[in-house]
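Trainee: I have a chain open on my screen and would like to talk through its fold with you. Could we go step by step?

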Amino acid sequence: LEKSSRVTVYLGFDQVLEQKTMIREYPLEIWREKKERESALLFQNMDLPGMAAVRDYFEEGDKGYAVSLWPEGETLAACLARGRKFREEEIPELLGPAAEALEALHALGLVCGNLSPEHLVLGEEGWLILTADCRGHLEQQETWGAPEQYDPEGILGPWTDVYGLGAIWYEMLTGQRVPEPARRSIRDPLKPPWRRRRRKPCCRHCRPASRPGISRWKPFWRA
């Protein structure tokens with residue numbers, strides 16, 4: 001499903017539950033430094049409808065593994081590639097469970113930092129399910145990455161996922177991707193999807209305590 005220097009993701013099959021699984025394989029150094037603790041927290045605390053929860057984690061040989069059930073359905077990326085646009089009133093229902101899962105993630109002291117249409121599956125239940133692995137700072141510019149993720153000294157927090165969630169929301173509504181943060185930092189070409197402008201998100205230079213989390217943005221979902 002996915003391969004990088006930090007993780008390889010396989011599609012598996014649980015013969016007992018007779019269900020597809022998602023198996024993340026980490027190099028031992030990354031596993032012991034960070035991912036084992038993350039997997040333990042997710043295994044113990046995260047069992048929400050908006051996120052593919054960790055069902056098992058273990059170390060074998062020179063690798064660490066985290067196993068989640070794979071939700072049946074189509075990725076949001078595939079939906080968008082077919083040209084599907086979503087109605088404004090249906091987006092809160094589709095993204096709501098994933099947003100609540102992110103809020104629970106933040107309560108554990110974790111940040112996803114890896115939101116994208118590839119990591120959201122439109123499940124049989126009728127809402128989007130998050131399948132992303134937690135990730136921190138980035139090197140390659142991505143549409144859904146927040147500006148602070150490309151700054152080695154950037155401070156990550158719930159606001160990082162608010163940015164990614166907003167970028168996905170925008171693409172679902174308009175069918176157009178949000179420009180990469182590097183382009184937006186010079187001269188922002190982003191056009192608001194509504195004529196009535198909202199308050200702009202906090203910039204990466206704001207103090208972390210002043211930046212909003214998921215819960216602060218909930219009132220705007222149906223505005």
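What follows is a set of questions and answers on this chain.

Mentor: Happy to, and please keep in mind that this is a predicted model, where local features need pLDDT of at least 70, side-chain atom pairs count only at pLDDT 80 or more, and totals for chains, interfaces and linings use all residues. Residues are numbered from 1 along each chain as its sequence is written, and side-chain values use heavy atoms, with hydrogens and water left out.

Trainee: How many helices and strands are there in the chain?
Mentor: Helices (H or I, at least four residues) and strands (E, at least two) are DSSP runs, numbered from the N terminus. From the N terminus on, the elements run β-β-β-α-β-β-β-α-α-β-β-α-α-α. That gives 6 helices and 8 strands.

Trainee: What percentage of the residues of the chain count as buried?
Mentor: Buried means under 20% relative accessible area, exposed over 50%, and partly exposed in between (1.4 Å probe, protein chains only). The chain has 223 residues, and the buried share of them is 47%.

Trainee: What is the strand order in the open sheet of 5 strands?
Mentor: Two strands pair if DSSP finds at least two bridges between them. The edge strands are β1 and β4, each pairing on one side only. The pairing is antiparallel, and the order reads β1-β2-β3-β5-β4.

Trainee: Which residue of β3 is the bridge partner of Thr8?
Mentor: Thr8 is also the partner in β2 of Lys3, where 2 bridges join β1 to β2. On to β3: 7 bridges join β2 to that strand, and the two run antiparallel. There, the bridge partner of Thr8 is Glu25.

Trainee: What is the phi of Glu18, roughly?
Mentor: Glu18 is in the loop between β2 and β3, two strands that form a hairpin with 4 residues between them. Glu18 counts as exposed because its relative accessibility is 63%. Most residues other than glycine have a negative phi. Glu18 is not a glycine, yet its phi is positive, at about 55°.

Trainee: Why does Arg6 count as buried?
Mentor: Arg6 is found in the loop between β1 (2-3) and β2 (8-14). Contact means heavy atoms within 4.5 Å, and, not counting residues up to four places away in sequence, Arg6 touches Glu25, Tyr26, Pro27, Ile30, Lys35, Asp133, Cys134 and Arg135. Arg6 counts as buried because its relative accessibility is 19%.

Trainee: Which residue has its backbone oxygen 2.9 Å from a polar atom of the side chain of Arg6?
Mentor: A polar contact is a pair of N or O atoms within 3.5 Å; within protein, one must be able to donate a hydrogen and the other to accept it, and residues adjacent in sequence count only if both atoms are side-chain atoms. The residues that Arg6 touches include Asp133, Cys134 and Arg135. The backbone oxygen at 2.9 Å belongs to Cys134.

Trainee: Where does helix α1 bend?
Mentor: Helix α1 (residues 28-45) has 18 residues and reaches 24 Å from its first C-alpha to its last, close to the 26 Å expected; the expected span is 1.5 Å times one less than the number of residues. The bend at a residue is the angle between axes fitted to the seven residues ending there and the seven starting there. For α1, the bend is about 55°, at Lys35.

Trainee: At what angle does α1 run to β4?
Mentor: Buried residues of α1, among them Trp31, Lys35 and Leu42, pack against β3 (19-27), β4 (54-60), β5 (63-69) and α3. Axes are lines fitted to C-alpha atoms, for helices over the stretch in contact, and angles run from 0 to 180 degrees between N-to-C directions. α1 lies across β3, β4 and β5, and its angle to β4 is about 155°.

Trainee: Which residue stands opposite Leu122 in β8?
Mentor: 3 bridges join β7 (residues 120-123) to β8. Opposite Leu122 stands Leu128.
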